[in-house]
Every structure is written in structure tokens, then in C-alpha cells.
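Subject: Structure for you to look at

Hello,

Here is the structure I said I would pass on. Please open it beside this message and follow along residue by residue.

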Amino acid sequence: MMYKKIYASIIIIAVFIFNVSSFTYADINKKSLIVYENEKTFSSNENKVNYLNELLYVFNEDVEKINIEDYKKGYINNFDSVFVINIKNDILSKDFLYDISIYNKNIYWIGNKIENILEPNKKYSMSYKGKSKNINAVFYKNKKTLLKSKNEFNILSTSKDTEILSTMGDGYNEYPYIIKEKNLYYISQWNLGENFIFEDSLNDFFEVKNNKNNKIFIKINNVNPNTDIKKLSEISDYLYSQSVPFLISLTPTYTESKNKNIKTMDLNLEFINVLQKMQEQGGVVVLNGYSNFKYEKQNIEYEFWDVKNDRPITDDIKSYIKDRVLSGLRICIEHNIYPLAFEAPSGAIDNKGYTEVKKYFSTSIGYFQNNNDNYFTSSFPYKINKSDLFNIFLPENLGVLNNEDELSAERIKENLNKLSVVRGYSAGLSILPNIKINNLNEIIQYIKDNNIEFIDLRSDSNYVKIEDISIKSKNGNIDLNYDKSKSIFKNNKKSNFENTIKNINDIIIGFVSFVLVIFLIIFIVFRKINSNKFKRR
């Protein structure tokens, strides 16, 4: 009897362990190394190295990157896997070539110069044949993806020992696109966002056996005090009727384009009432910066990027972000609006900015700016956890549903189909706050027909913590704590940022008043002169 009890206990423990593992992506104790020659290619502003560095945290506890010129003998042995990317010239590092030739753990080689390890090494049977500029489609899991960009693809020959995971074609012939032999994975060429085949192949590379459910968030974009509250309310009512949780990307102030006056949401009580109702109907607020600013030549909003010079802002980034976050949060919570996540306007923010936001928010959403020097955004197909730049990052990757573009709904379906090759993907979709309900209904029903689970941030553990402000969510509940004595409405002492905004408004008002006085004086003088002329006659 005793042995039967022990045997039953072992079975129960084994089943429990199996079930727990089914909800994990990979062995979180793994470490990956990225070896590169250049972080960016000469033909594009995309920084694939930065993107890959964040992406690999889906499967790893730690990720490091190193320029191949700085490689030291034996360094590769500190890691469980190695990725080689953006190699333009022949590799001169003998230490690296030797180490990788005897490395017995998984290697993923991306793009050029694979011949540097194939030709002198008899370990692998595949061989390099050259390049092709005529590749126009890739094939994976019985799906064909047409390529929009024209790039050079490397052509390799294979043998019976090579496993072909994906192919590519030029309309006449098919060639290996992703292949595996022994511990070496190889992809011929990789463009961010063109397809997610590489990203899905990482499940095989890291030997992930079980994947999380596919999920999606719906985000109402560009919500600010100037938004049409009637249409906003209609969207919320519809989503609530469909039992669809949603996100509200909120900028709590609005800059008027003509006079540059800043309009804060506390001046619009109807707007606040609608936001409160939306929260009750399943909406979760995402703080989309503090102030709404559009560069005159582009219909894009920026707050954490110098768009005029296409570079990071030169202000003290720590104070700059903290002031705006605090101002945005205070004006929200004092009207019973509770942001649970952060989004940089237009995704424009550099790594230093991401690092500062990470101090205050457990969760960020949107597109990822992978380049610290120039504005260039990309999308992940996975939720990112505990990376260098994020605690949690929920990617937006399906596009924007809007009334003006008749093809926007079809484009979103096409992007979702492209994303569907990824096991355990996380999707994100934006809708404009004036979207017609019929257009929205088409997409919502399409998502439901594909059995994709909607993301509800309130059900997950999220937090916002900065100075005295603490907002937490779990199991559908939101807890708020803050020092009411620091109210921006009850306390005359305001933040530097708020004082700056007030000073700017005062300067504008003073300048306009001065011009009016001068104009009035000139008018009176000329009128008097004309009057005197008339009397002389």
C-alpha cells in the first residue's frame, strides 16, 4: 500500500511539472551571444542587432552582443547559443573562426559570409554557391509570402544530411531559405517585418515544445482632449457589447496647431466622463506621453524624439521623461483615470528613453524603435519579457484600421495571416477614434472566427510606480495609492515641466498683447495724420 501511494505521488508530481512547463517558452537560464560586424547595413537605417538583442529574451534569460573585431579566444564557450549577423567582409579573426568550428552548441548564421566557416570546415556537407537578386517569394508551412523588397540572397547547396525548413524562389527555381545541419541553422537573408519566418524558426532552434496561446490587443489610438467624444463613446459601447477588452492610448493634453496653446483634459469634463465610462466597459488606459505635438511637415506625433534633426532629444533625458510621466499620471489619477502601461508617441524614442520608462512602468506597448541614431521602427511577433529595455513589451504589428483607407481592413487581415506562422504570437492592432462601427465589426468578427484570445491588461499583473504614485492591476482589479497633498490642482507648487508650459503660454500671450498694442498705436497715429491732412484741405 505504501508503495502505491508513493507511485501515485510521483505520477501527480510528474503531471504537474509537465503542465507547468507547457506554459513556458524555453529554459529561462539560457544565454545567447550575438556576433556582428556592423549593427546597421549601409542600405538601411534598421538596426537588426538591437532588434535581435530584444527578441532573444523571449527564449533566454540573458543576451549579449559583441563586435567581431573585439572577440577574444574562448568567449563563445560562455553561451548556450550563438547568432552571427551583419557580416559584410571576410572574417579575419582566427580566434573566432577556430572557436566556432569546434563549438558544439547551436549556431544561427544570418545572411552573408557563411562560406567562411563552410569552406575550410568539413564538419558540414552544405556548400556556398553564390548570390541571387531575383528571389521574389519565400515558402514556409504551406504558405507563400511575396517579397516587396529586392535584396541579394545567398544560395547554398544541400545534402541528405541537411534539413530544409523553408524555401525561396525566383519564379523558376526553388532554393533553401532556412536550413539546418547538425548544430548549424542558416537563413539566406533577413529583412525586419517582411515576414516572421525567422522569428518562428527560433522555436525549433531553442527546442520549444509548448507554446502560449495566440493573443491580440485592440487599441484606440490618438485619444486626447480634442477627440470626438460621441464617436469615442460609440466605439466603447460596441466593444463592450462584444465582450472585447481594449486599450485607450491617451495623451492627456492637446496642443492647438494655430496658437500652440496647450489644452489639458481637466478642462473638458465630458471627455473625462467618457474615459471613466470606457474604463468601466473594459478599457485600459495607456499613457501616450503628456503633450501632443506634430512637426509641421509631417502628420506624425513626437514628444521623445527630435524629428527636425532626426535624432534623440538632447535634453536631460531622465528629468525630461520623469516630468512628463508625472504630469500625465497626476492629471489622470486625479480624475479617476488609471494608466497601466506606456506608449511612446509614434514609437519614437531611443534606448536611453526606453530604459527610463522601464523604471516606472511594468508594461510598454507599440512599435519598437530599433535605431538610436535615426527614426526607424519595427515589430516583434512575440511578447517580450525581462529584456534590456523592457519589463514587458506588447508589440503592435498589424497596422491601423481607419475610414480613409478602404484597404486598411484587408491589409490588417493580410498582416495577421503573415503573423499566423508564428507559434505563440502576440498581435496588436490600432483603430482610430472615429472608426465606423461597421468597419470595426468586420475586424472583430474576423479575429473571433480565428479563435484569437483578446488581451485584457487588468487581468494580468501590471504596475506603475513613480515617486508617491502607485497603480497596480491583478485579476481584474486596479489599486491606486498616491499622495493627495501633491495634487496639481490643490498645490501651487508645480513640476518644472508644468511651469515651463505655463511660461510658454504666458510668453505667447504677452507677445500677442504687445503686438496688438503696437498695432493700435500705429493705427491711432496714422488716423491722426490723415485727420490733419483732411483739415488742411
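Valine 517 has a relative accessibility of 46%, so this residue counts as partly exposed, since that class lies between the buried limit of 20% and the exposed limit of 50%. Please keep in mind that this is a predicted model. Valine 517 sits in helix 12, which covers residues 496-536. A nonpolar patch on the surface is made up of Val517 together with Phe514, Ile518, Ile521 and Ile522. Taken together, these residues have about 450 Å² of accessible area.

Strand 7 spans residues 143-146 and contains threonine 145. Is threonine 145 buried or exposed? Threonine 145 counts as buried, because its relative accessibility is 18% and the limit for buried is under 20%. Leaving out residues up to four places away in sequence, threonine 145 touches Asn136, Ala137, Val138, Glu194 and Asn195. Another pair to look at is threonine 145 and lysine 418: they are 273 residues apart along the chain, yet their C-alpha atoms are separated by 7.7 Å.

A second open sheet has three strands in the order 26-27-28, with antiparallel pairing. Strand 26 (462-466) and strand 28 (477-481) each have a single partner strand, so one side of each has no neighbour in the sheet. Ignoring direction, neighbouring strands here are turned by 10 degrees against each other on average. Strand 27 (residues 469-474) is joined to strand 28 by five bridges, and the two run antiparallel. Serine 473 has isoleucine 478 of strand 28 as its bridge partner. Helix 8 (residues 317-333) lies across strand 26, strand 27 and strand 28. The angle between helix 8 and strand 27 is about 65 degrees.

Last, two loop residues with a positive phi.

Which loop holds lysine 113? Lysine 113 lies between strand 4 (106-110) and helix 4 (115-118). Its phi is near 70 degrees, a positive value in a residue other than glycine. Lysine 113 has a relative accessible area of 18%, so this residue is buried.

Glutamate 207 is in the loop that runs between helix 5 (197-205) and strand 12 (215-223). Glutamate 207 is not a glycine either, and its phi is positive, at about 55 degrees. With a relative accessibility of 56%, glutamate 207 counts as exposed, because the limit for exposed is over 50%. Set side by side, lysine 113 is buried, whereas glutamate 207 is exposed.

Regards

Conventions: Residues numbered from 1 in each chain as written. Predicted model: local features only at pLDDT ≥ 70, side-chain atom pairs only at ≥ 80, totals over all residues. Heavy atoms only, no water. Patch = residues over 30% accessible without salt bridge, like charges linked within 9 Å, V, L, I, M, F, W, Y side chains within 5 Å. Areas by Shrake-Rupley, 256 points an atom, 1.4 Å probe, with all protein chains shown as cover. Salt bridge = Lys/Arg side-chain N within 4 Å of Asp/Glu carboxyl O. Helix = DSSP H or I, 4+ residues; strand = E, 2+ residues; numbered from the N terminus. Buried < 20%, exposed > 50% of the residue type's maximum accessible area, 1.4 Å probe, protein only. Pairing = 2+ DSSP bridges. Axes fitted to C-alpha atoms, helices over the stretch in contact; angles between N-to-C directions. Contact = heavy atoms within 4.5 Å.
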